[in-house]
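Here is a short briefing for a first look. Keep the structure open while you read.

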Amino acid sequence: MSSLFRKDVNVNRQPPFAWLFFAAALVCNAASADPPPATNPSIQDLLDEVRSLRAEVKTLRQQVNSPAPPTQPAEATGAYPLHAAPADTSAAELQRRVELSEEQGFTAGYMREKGFVIRSEDGSFLLHPWAFVQVRDATNYRQRATATSSDTETGFELPRAKFILDGNVFTPDLTFQFIWATSDTTGNLQLQDGWGRYHIPQTPLALRAGQIRDPVDHEQIIFATRSLTPDRSLVNNVLLNGDDIVKGASVSYGYDGNYPVRTEVAITSGERNFDTSFQAFPTNAADWGAAARLEWKIMGDWADYNQFTALGDRHALLVLGAGADYTEAGKTSDFTHVVDAQFNTPGRLTLYASYLGRYTRRDGGPPTTNGQFITAGPSANTYDSTIRVMGAWIFDGHFEPFIRYEYLHFDARELAAGTSNNVQDITLGMNYYFYGHRAKITAGASYLPDGAPVANTISDVLQSHGGTEFIFQAQFQLIL
């Protein structure tokens with residue numbers, strides 16, 4: 001009894017607030033979700049939860065009572081000059097900015113044939129940045145590098161490295177293209193193509209201005225990335241200066257649609273006259289020029305006419321073309337004219353042939369110039385004639401053997417006395433397409449039985465004194 005009494009006494013002596021905690025625990029346990037937790041929360045856990053809820057309520061009150069900031073700084077959007085953000089942060093202004101940012105969306109991606117593109121949802125804006133490089137190993141053997149000795153030269157080179165931006169702005173009818181190219185001998189970068197073009201809606205007409213490819217020769221207009229051989233022909237590189245870039249403005253018909261006939265007429269600065277001031281000859285290479293080209297598609301798709309191969313063609317192609325250029329430089333003027341034809345079968349055969357001639361009045365310079373007549377006195381009128389023939393056959397979707405023959409007859413009065421004025425170039429080679437034109441290897445061997453009276457480094461042709469000349473080229477092309 002005494003021990004039991006002592007226990008009762010001890011219970012009665014416990015602090016009264018212990019009963020309160022015990023009751024609170026029972027109430028919390030009764031209000032908890034079913035099933036009950038494995039262990040009851042401690043006092044400290046309850047206090048921490050209360051403090052967390054108070055902090056969240058305080059943050060929500062601050063957000064409700066203050067205006068929401070813009071989702072992006074004005075400097076980042078480009079809407080205002082840097083360090084000149086507007087003071088208007090009202091709800092109406094913020095809503096207006098949100099609507100403007102959501103009005104037009106942009107997407108970016110990679111297209112197999114075109115590359116990386118950025119475009120608006122409706123196609124009004126499109127930007128296509130890309131670049132390509134050609135790395136080549138070349139060997140040249142001349143039987144008569146001089147009048148008495150032969151010579152062999154070999155080494156690597158980068159005949160082309162170009163950086164391109166093209167696309168359209170405001171509407172698909174307003175297009176542009178800018179090309180910066182490195183020199184094959186110095187590596188210096190300069191602007192090549194740089195133009196804007198507007199297609200007049202609901203018509204086959206378009207206007208173009210800037211630095212453009214002179215609308216004369218089919219081979220010269222095609223991008224070098226889509227050539228059949230390691231480089232363009234000697235005819236193209238010597239008489240038309242490669243890509244034949246000129247300054248000027250043109251009007252074209254039929255280039256925006258599947259019209260059977262298309263043409264372009266241009267007023268220009270004259271051949272070999274680009275990246276120059278407005279000044280005339282002899283400060284610059286020419287005074288002025290005019291050019292035109294006409295093409296007639298008998299069958300096929302115009303898209304397949306943009307390459308010297310049947311790679312990827314789904315339909316047979318036959319196009320006849322003709323072009324002409326008149327360039328005036330001081331007292332000299334020349335008239336270049338060409339007729340050509342290209343035939344492709346679906347994914348297999350390619351055939352191309354052309355005749356190009358150049359008449360030069362009062363010619364006082366070599367074939368690689370516009371005539372270059374400066375001094376007074378009599379000077380001869382000259383005429384150069386050329387022929388180009390090319391053929392190729394694709395098998396296994398990757399291999400494409402090709403052959404090219406070209407003949408150039410220079411007027412002897414353009415060359416030094418005793419120099420052969422006939423050039424023949426026979427080239428055999430092979431393309432291997434890893435990924436279409438985007439990654440390919442091109443190898444070729446050229447035989448010039450009479451050598452060359454003029455040099456052309458982009459073609460790896462060196463001047464010789466008659467005798468044979470052999471050129472071997474192996475080139476890798478990569479388009480990004």
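The lining of the second largest pocket divides into nine nonpolar, 14 polar and six charged residues. Here Ala, Val, Leu, Ile, Met, Phe, Trp, Tyr, Cys and Pro count as nonpolar, Asp, Glu, Lys and Arg as charged, and the others, Gly among them, as polar. This is a predicted model: local features need pLDDT of at least 70, side-chain atom pairs count only at pLDDT 80 or more, and totals for chains, interfaces and linings use all residues. Residues are numbered from 1 along each chain as its sequence is written, and side-chain values use heavy atoms, with hydrogens and water left out.

**The second largest pocket**
- Its volume is about 780 Å³.
- Of the 29 lining residues, D184, Q190, N241, G242 and F274 are the closest to the pocket's centre.
- A pocket is an open set of points on a 1 Å grid over the protein atoms alone, where a 1.4 Å probe fits, with protein on both sides within 12 Å along at least five of seven lines; lining residues have an atom within 4 Å of a point.
- At least two lining residues come from each of β4 (151-168), β5 (174-182), β6 (189-199) and α7.
- β4 gives the most, with four residues.
- Helices (H or I, at least four residues) and strands (E, at least two) are DSSP runs, numbered from the N terminus.

**Nonpolar cores**
- The largest nonpolar core has 18 residues, and L234, F410 and L448 touch the most other members.
- Helix α7 (residues 234-239) supplies the largest share of this core, four residues.
- A second, separate core of seven residues includes L228, F308, M390 and A392.
- A core joins buried Ala, Val, Leu, Ile, Met, Phe, Trp, Tyr and Cys residues through side-chain atoms within 4.5 Å.

**N237**
- N237 is found in helix α7.
- Is N237 buried or exposed? N237 is buried, at 6% relative accessible area.
- Buried means under 20%, exposed over 50%, and partly exposed in between (1.4 Å probe, protein chains only).

**L478**
- L478 lies in strand β18 (residues 469-479).
- L478 is partly exposed, at 30% relative accessibility.
- L478 and F132 are 346 residues apart in sequence, yet 5.6 Å apart in space, C-alpha to C-alpha.

Conventions:
Grid points are joined across faces, edges and corners, and a volume is the space filled by probe spheres set on the points.
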